[in-house]
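Take a look at the chain below.

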Amino acid sequence: MDDVLQHLMTVLTEKFDVPADAIRADSTLTDLDLDSLAVVEFAVTLQDHWHIDLDDDAAAEATLDDLAGTVRGLLGEQSGTPAP
């Protein structure tokens, strides 16, 4: 598991009280019972942490693995290095 995906899971457990055993890479935020306000708060938390512009509407339906890929891509755009 990479650092981005691990951070997503840590935020979900520590800030949103999602049980760690309920979180899987193929889970969506909706699967994890985050309501629309929590999804926005989750996206803002990630934006503040990585200083990226993340679309919270897209975040709600993406799997955590897909969301991690989006974050890696945005981080790569900022650094000028293509995402792996």
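Which residues does T63 touch, not counting residues up to four places away in sequence? T63 touches A25, D26, S27 and T28. Contact here means heavy atoms within 4.5 Å.

**The model**

This is a predicted model, in which local features need pLDDT of at least 70, side-chain atom pairs count only at pLDDT 80 or more, and totals for chains, interfaces and linings use all residues. Residues are numbered from 1 along each chain as its sequence is written, and side-chain values use heavy atoms, with hydrogens and water left out. The score pLDDT is the predictor's confidence in each residue, from 0 to 100. The chain has a mean pLDDT of 89, and 93% of its residues reach 70 or more. Among the elements, α1 has the highest mean pLDDT (95) and α3 the lowest (82). Helices are DSSP runs (H or I, at least four residues), numbered from the N terminus.

**Two loops that touch**

T63 sits in the loop between α3 and α4. T28 is found in the loop between α1 and α2. Leaving aside its neighbours within four places in sequence, T28 is in contact with A60, E61, A62 and T63. Is T28 buried or exposed? T28 counts as buried, at 10% relative accessibility. The cut-offs are these: buried is under 20% relative accessible area, exposed is over 50%, and partly exposed is in between (1.4 Å probe, protein chains only). T63 and F16 tell another story. They are 47 residues apart in sequence and 17 Å apart in space, C-alpha to C-alpha.

**Helix α1**

Helix α1 has 14 residues. It reaches 19 Å from its first C-alpha to its last, close to the 20 Å expected at 1.5 Å a residue. The expected span is 1.5 Å times one less than the number of residues. The N-terminal end of α1 is capped by D2, with a side-chain oxygen 3.0 Å from the backbone nitrogen of V4. Buried residues of α1 are V4, L5, H7, L8, M9, V11, L12 and F16. Their cover includes α2 and α4.

After α1 comes D17, with a positive phi near 55°. Most residues other than glycine have a negative phi. D17 lies in the loop between α1 and α2 and is exposed, with a relative accessible area of 64%. D33 is in the loop between α1 and α2. Its phi is positive too, near 65°. D33 counts as exposed, at 70% relative accessibility.

**Helix α4**

Helix α4 covers residues 64-79, which makes 16 residues. From its first C-alpha to its last, α4 reaches 22 Å, close to the 22 Å expected. Its buried residues are L64, L67, A68, V71, G73, L74 and G76. What covers them includes α1 (3-16), α2 (36-50) and α3 (56-61).

**The core**

In a nonpolar core, buried Ala, Val, Leu, Ile, Met, Phe, Trp, Tyr and Cys residues are joined through side-chain atoms within 4.5 Å. The largest such core has 27 residues. L8, L12, F16, L29, L34, F42 and L64 touch the most other members. The elements giving two or more residues to this core are α1, α2, α3 and α4. Its largest share, seven residues, comes from α1. Not counting residues up to four places away in sequence, L64 touches L5, L8, M9, L12, I23, R24, A25, S27, L29 and L32.

**Salt bridges**

How many salt bridges does the structure hold? There are three. A salt bridge is a side-chain nitrogen of Lys or Arg within 4 Å of a carboxyl oxygen of Asp or Glu.

| Pair | N to O distance |
|---|---|
| D2 and R72 | 2.2 Å |
| K15 and E41 | 3.8 Å |
| D26 and R24 | 2.7 Å |

D2 and R72 meet in a salt bridge. D2 lies in the segment before α1 and R72 in helix α4, so the pair ties together parts that are 70 residues apart in sequence. D2 is partly exposed at 30% relative accessibility, and R72 is partly exposed at 22%.

K15 and E41 meet in another salt bridge. K15 lies in helix α1 and E41 in helix α2, so this pair ties together parts that are 26 residues apart in sequence. K15 is partly exposed, with a relative accessible area of 43%. E41 counts as partly exposed at 39%.

D26, which bridges to R24, counts as partly exposed at 44% relative accessibility. D26 is also one of the residues that T63 touches.

Note on methods. Polar contact = N/O pair within 3.5 Å; in protein donor to acceptor, adjacent residues only side chain to side chain.
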